[in-house]
Amino acid sequence: MKRRNFIKTTAAGTLAFMLPFPSSAFAPGKKLRVAQVGLGSMGLNDLKDIASHPSVEIVALCDVDASKLNAVKANYVNAKTFADYREMFKSIGDEIDAVVVSTPDHAHAPVALKAMEMNKNVYCQKPLTHYISESRKMDALAAQKKLVTQMGIQVHSFYDYKLATILIQKGIIGKVKKVIAWSPKVWGYDGPEPEGSDPVPEGLNWNLWLGTGKERPYKEGFYHPLNWRKCIDYGCGTLGDMGVHIFDTPYNALKLSVPLTVKNSCRPPNAFGHPEKNHVTYVFPQTSYTAKTLEWVWFDGKGAPELEKDLMLPDGQKLPDQGAMFIGENGQRLLLPHFMELPRLIINDKYEAIDIKKYDPKGKAGKPVTSYDIEGEKHYHEFVDACLGKTECSAPFSYAAKLTEVILLGVVAARFPGQTLNWDGKNARFKEEEANKFLSGEYRDF
């Protein structure tokens with residue numbers, strides 16, 4: 001569908017299905033019927049962890065690549081298989097209670113919005129969407145229909161990150177004036193746009209893989225599998241991949257909303273790939289946990305981060321490969337490695353022991369501070385239990401859409417290197433009119 005028709009259809013669907021999905025209708029012992037869309041590397045993890053819940057029945061598997069379907073369907077013999085999610089919903093829509101979306105970024109919103117139109121609860125991988133306009137639409141539709149939703153930021157449920165949130169909110173370093181976050185991953189491409197085309201691999205429906213995204217000829221090594229993150233038409237770069245995970249805890253702990261300004265210092269845009277290195281600076285308005293304004297700095301790419309005084313560790317220790325540093329108004333710092341390490345307190349350039357029991361008396365206080373607690377299944381199982389009416393999700397679209405918006409503002413800023421863009425969060429527009437055309441995209445007929 002073209003974008004205007006897609007939006008029109010979504011709006012009509014919203015009016016036609018005003019009643020929310022009735023979680024209370026689940027009788028004791030009834031299983032949640034789940035459809036999995038996308039069976040790539042992350043999709044396989046999602047499928048395994050969702051299916052591990054005893055109250056889940058996998059009823060449908062969908063992927064545009066037959067090799068992906070063939071690799072897993074023997075493990076789910078009662079699940080029906082599809083290449084096209086639209087055919088899946090048309091064929092067995094009334095047999096599905098919830099949908100897990102694990103596709104490339106550009107397909108997140110088209111699949112999830114279609115599912116929500118049909119009153120299906122949705123677990124969607126990060127980043128929530130490819131465009132900011134889609135994030136806002138998904139948030140609004142989920143709220144209107146009172147659907148259970150969860151974004152796939154699994155570390156949101158890990159104790160390491162929960163503890164960091166508790167420590168910050170209980171004032172272990174006072175008001176926070178700055179956050180620095182980083183990842184050395186390189187989900188960008190600074191080279192020329194590929195020329196020509198290659199034969200489409202057997203079993204891959206290239207038209208369905210492109211979906212609503214921009215039409216390009218298949219080129220081996222550039223899109224499917226895996227490398228789509230590097231391309232502006234289909235992915236969101238390193239910021240969209242690792243930024244969502246690493247931003248999550250500081251964003252949640254500081255109760256941030258959307259920034260006032262954003263600037264990305266990177267190479268000039270090339271209309272094909274995301275920059276291989278990004279240096280993004282956000283300025284957020286004050287919250288109860290921050291100074292008058294909060295500066296947030298992100299580094300990615302080879303060699304990230306750029307070292308500065310606030311990142312220097314005691315005794316000349318090396319920074320963790322990925323992570324975030326909270327800096328308090330009085331110079332105290334809290335280092336949060338990503339991942340599988342507990343946060344570390346730094347005062348006067350020396351590590352200080354954290355009395356976990358003092359800050360988290362009802363938590364997992366008995367463990368030594370060098371330990372960590374992996375809760376990988378909990379994020380998925382939390383979604384299932386919420387669908388069954390037993391709990392609530394910790395990363396619903398109402399939260400995930402705002403976090404994704406922040407990430408995508410940095411992605412848009414890469415189109416205007418070194419320029420400070422002013423964001424009107426209330427009206428979802430930049431003051432700089434030329435930037436607004438990148439808030440949404442045209443949906444291709446397919």
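Modeller: Here is a walk through the sheet, then its aromatic rings and its charged pairs.

First, some housekeeping. This is a predicted model, so local features need pLDDT of at least 70 and side-chain atom pairs count only at pLDDT 80 or more, while totals for chains, interfaces and linings use all residues. Residues are numbered from 1 along each chain as its sequence is written, and side-chain values use heavy atoms, with hydrogens and water left out.

Now the sheet. It is open, has 6 strands in the order β3-β2-β1-β4-β5-β6, and the pairing is parallel. Strands here are DSSP runs of E with at least two residues, helices are runs of H or I with at least four, and both are numbered from the N terminus. Two strands pair if DSSP finds at least two bridges between them. At the edges stand β3 (80-82) and β6 (149-152), each with a single partner strand, so one side of each has no neighbour in the sheet. From one strand to the next, the twist averages 20°; angles run from 0 to 180 degrees between N-to-C directions, and axes are lines fitted to C-alpha atoms, for helices over the stretch in contact.

Zoom in on β1 (residues 32-37) and β4 (residues 98-101): they pair in the parallel sense over 4 bridges. V37 has V101 in β4 as its bridge partner. Helix α5 (residues 105-117) packs on the sheet and touches β1, β4, β5 (121-125) and β6, and its direction makes about 170° with that of β5. Contact means heavy atoms within 4.5 Å.

Next, the rings. Rings of Phe, Tyr and Trp (its six-membered ring) pair if their centres lie within 6.5 Å; planes under 30 degrees apart are stacked, over 60 edge-to-face, and the rest tilted. By this rule the count comes to 23 aromatic pairs. Y85 and F89 have ring centres 6.5 Å apart and planes at 80°, so they are edge-to-face. Both sit in helix α4 (residues 85-92), 4 residues apart, which is about one turn of the helix. Y85 counts as buried at 12% relative accessibility, and F89 also counts as buried, at 3%. (Buried means under 20% relative accessible area, exposed over 50%, partly exposed in between, with a 1.4 Å probe and protein chains only.)

Y123 and Y380 make a stacked pair, 5.1 Å centre to centre with 15° between the planes. Y123 lies in strand β5 and Y380 in helix α11 (residues 376-387), so this pair ties together parts 257 residues apart in sequence. Y123 is buried, with a relative accessible area of 0%, and Y380 is buried too, at 1%.

Finally, the charges. Side chains of opposite charge can pair when their charged atoms come close. A salt bridge needs a side-chain nitrogen of Lys or Arg within 4 Å of a carboxyl oxygen of Asp or Glu, and the count comes to 17 of them. One joins R33 to D97, with the closest N and O atoms 2.8 Å apart. R33 is in strand β1 and D97 in the loop between α4 and β4, so to speak distant parts of the chain, 64 residues apart. R33 is partly exposed at 25% relative accessible area, whereas D97 is buried at 2%.
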